[in-house]
Amino acid sequence: MSEPKTATPTPAGDTYKGWVFKWTNYIKGYQRRWFVLSNGLLSYYRTQAEMGHTCRGTINLATATITVDDACNFVISNGGAQTYHLKASCEVERQRWITALELAKAKAARLLIESDDSGDDFSHLSTSAPSRQGGSGGGSHNSEVQSALRTLGSKVEDLSTCNDLISKHGSALQRSLSELDSLRLTGEAGDKIRQVTERATLFRITSNAMINACRDFLALAQAHSKRWQKALQAEREQRVRLEETLEQLAKQHNHLERAFRGAAGQASATADNKSAVGTAKGEASDEDDDNEFFDAVEEAPEFITVPADPHFHKRSSSNASGFNSEMCSDDQSLSEEPLAMNPESPSQDLLPLKKRRTRIPDKPNYSLNLWSIMKNCIGKELSKIPMPVNFNEPISMLQRLSEDLEYHELLDKATKCHSSLEQMCYVAAFSVSSYSTTVHRTGKPFNPLLGETFELDRRRESGYRSLCEQVSHHPPAAAHHAISDRGWILRQEITVASKFRGKYLSIMPLGTIHAIFNKGNNHYTWKKVTTTVHNIIVGKLWIDQSGEIDVVNHTTGDRCHLKFAPYSYFSRDVARKVTGVVMDKDGKAHYVLSGTWDEKMEFSRVMQSSRGGENGSEGKQKTVYQTLKAREVWRRNPLPDGAETMYYFTSLALTLNEPEETVAPTDSRRRPDQRLMEDGRWDEANGEKQRLEEKQRIARREREREALSQRASGHSDEAVDEDSLTDPSLKSAPHDLYKALWFERCQDRITGEQVHIYKGGYWEAKERGDWDGSPDIF
């Protein structure tokens with residue numbers, strides 16, 4: 001591409017454009033960009049072809065500063081938000097740009113001051129007439145009108161300036177002509193001088209008349225602009241009302257169509273085999289028709305989704321059986337309407353709900369020499385390193401595990417689903433939702449003491465209650481069991497492995513999460529992805545999630561493969577992106593999920609899939625899915641006010657450490673170092689933390705001595721040998737035969753792993769107030 005030659009700008013010029021080198025970053029350095037100066041705005045594009053559709057950046061010169069670095073470099077800044085470091089091809093070209101920019105800046109500043117009053121006349125229109133295109137249509141139209149008026153005013157001002165120059169130079173010309181006339185020249189020369197004088201006078205009068213006419217035109221346009229705006233406003237409001245009416249009609253039509261399809265599906269279910277075969281043929285012929293497909297709306301590493309043919313929504317009664325009856329039931333249960341709660345759930349006593357707290361003491365601002373502590377931790381297991389509470393948040397790992405129930409409504413809705421495939425969408429969204437609470441949570445939870453528990457009783461408010469217990473100390477493992485009156489059980493045993501790598505910290509949860517539904521006896525399992533905390537030593541801490549999750553329904557064989565894309569500086573995708581596909585046991589895709597783990601997830605029903613997309617990074621063809629319109633399945637709850645001073649806790653997290661009298665003596669709420677830290681007494685909390693850890697070490701050594709004495713006496717040889725064969729953890733620690741209080745160790749029948757399963761008794765002990773079996777750990 002040859003570089004176009006641009007003319008030297010003149011003071012009256014309104015537009016100047018050309019190629020300039022712009023600083024991008026330290027990797028790419030200066031890159032050539034196409035800059036356009038017009039109406040006081042400096043915009044740039046990657047190529048001239050982008051001018052019609054993609055602007056890469058714009059600076060308003062009215063408030064910008066222009067500085068010159070050297071012979072070819074210059075800088076344009078608008079006060080810190082935007083700064084362009086530019087370099088011209090030569091000094092002459094740089095001077096042309098500086099001249100054009102200075103003239104445009106002076107003119108833009110003058111117009112900005114003069115248009116303040118006129119701009120206020122139309123400011124109310126931007127809020128009184130929101131556009132159907134995101135609410136910005138009225139404002140953009142007003143900007144066009146004001147821009148046109150400013151342009152007219154600018155032209156009249158230019159003409160007025162020319163008028164002053166004409167008057168000045170005309171007067172000088174007439175003086176010169178008068179001096180010539182005073183020479184009393186006769187004959188032909190005198191006649192010529194008088195003729196030139198008359199023509200000069202006529203020219204000045206004509207010029208003044210033209211300037212006055214232009215000024216009158218501007219005054220007339222300003223006088224009638226309000227009336228024009230009122231007429232346009234009335235037309236715009238009428239259009240908005242019409243669009244809203246059409247939208248309501250479309251929704252009513254959609255509901256009627258669904259009801260019709262449902263009735264047709266029920267009728268077709270009673271048809272004989274012959275009619276069913278005919279329906280299948282008619283359905284296949286519809287699918288073979290020419291379909292109108294559109295451009296991809298989203299591209300994921302493995303697949304591409306495109307909107308499906310509208311004919312999928314408009315099946316007639318003659319071919320509404322089979323596939324359409326299934327789609328109807330799915331769409332009804334996955335509609336935008338909220339699913340009703342289980343009417344068969346036991347009714348709770350009509351007692352006022354407990355008012356939970358909405359604030360905790362603000363986080364103190366304590367300074368800490370981070371490097372002096374972390375330099376000796378590189379490559380070590382983080383759970384074995386004594387850390388001060390300065391790195392913590394006033395919450396234990398058991399409470400963080402209970403935060404997975406923040407969006408328990410997804411499991412409530414999953415119990416209402418008619419098919420396991422749509423139920424899988426809610427379970428997959430639930431597996432993603434647990435990470436939304438971590439986006440700003442850079443603090444480390446307290447490592448639970450062995451035997452520590454945490455209960456979360458929300459049966460009256462939300463129909464569920466859960467119990468966590470620390471069942472192992474090395475490796476640290478916590479067992480969690482939650483049960484809901486609405487027909488689901490959630491259980492997990494999580495072991496956290498972490499490694500400090502200098503610049504970042506990797507946290508790798510090990511263990512399987514189980515979700516079991518009473519209806520249909522569907523049993524789902526999945527594992528957690530890796531969490532990475534960046535900028536441990538220098539910079540602002542930030543958290544990323546990366547890896548893959550396979551949500552498997554062991555009852556039906558359905559599977560959902562979710563991929564958490566790691567953050568990349570060079571990626572064009574949305575940050576924190578998650579994509580997934582729900583497939584049946586035969587590998588056929590039924591739903592596509594997409595979204596971000598910190599904001600929301602959407603699902604789309606797959607109507608048709610095919611190979612033939614662009615080649616992926618490994619040379620494999622991507623799968624193209626034609627889908628129905630995406631619908632939102634989950635969205636993150638907003639943080640409470642002042643969350644930045646309360647460790648970025650959610651509304652649920654703020655209530656987890658709230659004192660309760662009836663909980664077990666081993667409950668995390670009773671942990672003294674955690675309570676002191678929450679109250680802002682960090683020095684005392686550090687001392688209390690060391691005391692508790694030393695007490696735990698003494699208890700461990702006591703158990704080891706007791707186990708050794710039992711083995712020496714020969715009373716438990718057989719038991720120890722048997723446990724060592726079935727319990728791998730006992731092989732590494734044969735002298736510590738600790739057993740959990742509320743959970744028992746067994747082999748999971750689904751995964752084959754050695755896990756701790758809730759054996760019951762906790763809630764009954766709470767009702768009796770009998771905690772005699774609880775150990776003294778605090």
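Tutor: Buried means under 20% relative accessible area, exposed over 50%, and partly exposed in between, with a 1.4 Å probe and protein chains only. C560 has 0% relative accessibility and counts as buried. This is a predicted model: local features need pLDDT of at least 70, side-chain atom pairs count only at pLDDT 80 or more, and totals for chains, interfaces and linings use all residues. Residues are numbered from 1 along each chain as its sequence is written, and side-chain values use heavy atoms, with hydrogens and water left out.

Student: How many disulfides does a search of the whole structure find?

Tutor: A disulfide is a covalent bond between the sulfur atoms of two cysteines. The cut-off here is a pair of cysteine sulfur atoms within 2.5 Å. The search finds zero. For C560, the nearest cysteine sulfur is that of C425, 7.2 Å away.

Student: In what order do the seven strands of the open sheet run?

Tutor: Strands are DSSP runs of E, at least two residues, numbered from the N terminus. Two strands pair if DSSP finds at least two bridges between them. Here the order is β4-β3-β2-β1-β7-β6-β5, with antiparallel pairing. The edge strands, β4 (57–60) and β5 (65–68), each pair on one side only.

Student: Over how many bridges do β1 and β2 pair?

Tutor: Strand β1 (residues 15–25) and strand β2 (residues 29–38) share 10 bridges, in the antiparallel sense. N25 has G29, in β2, as its bridge partner.

Conventions
Helix = DSSP H or I, 4+ residues; strand = E, 2+ residues; numbered from the N terminus.
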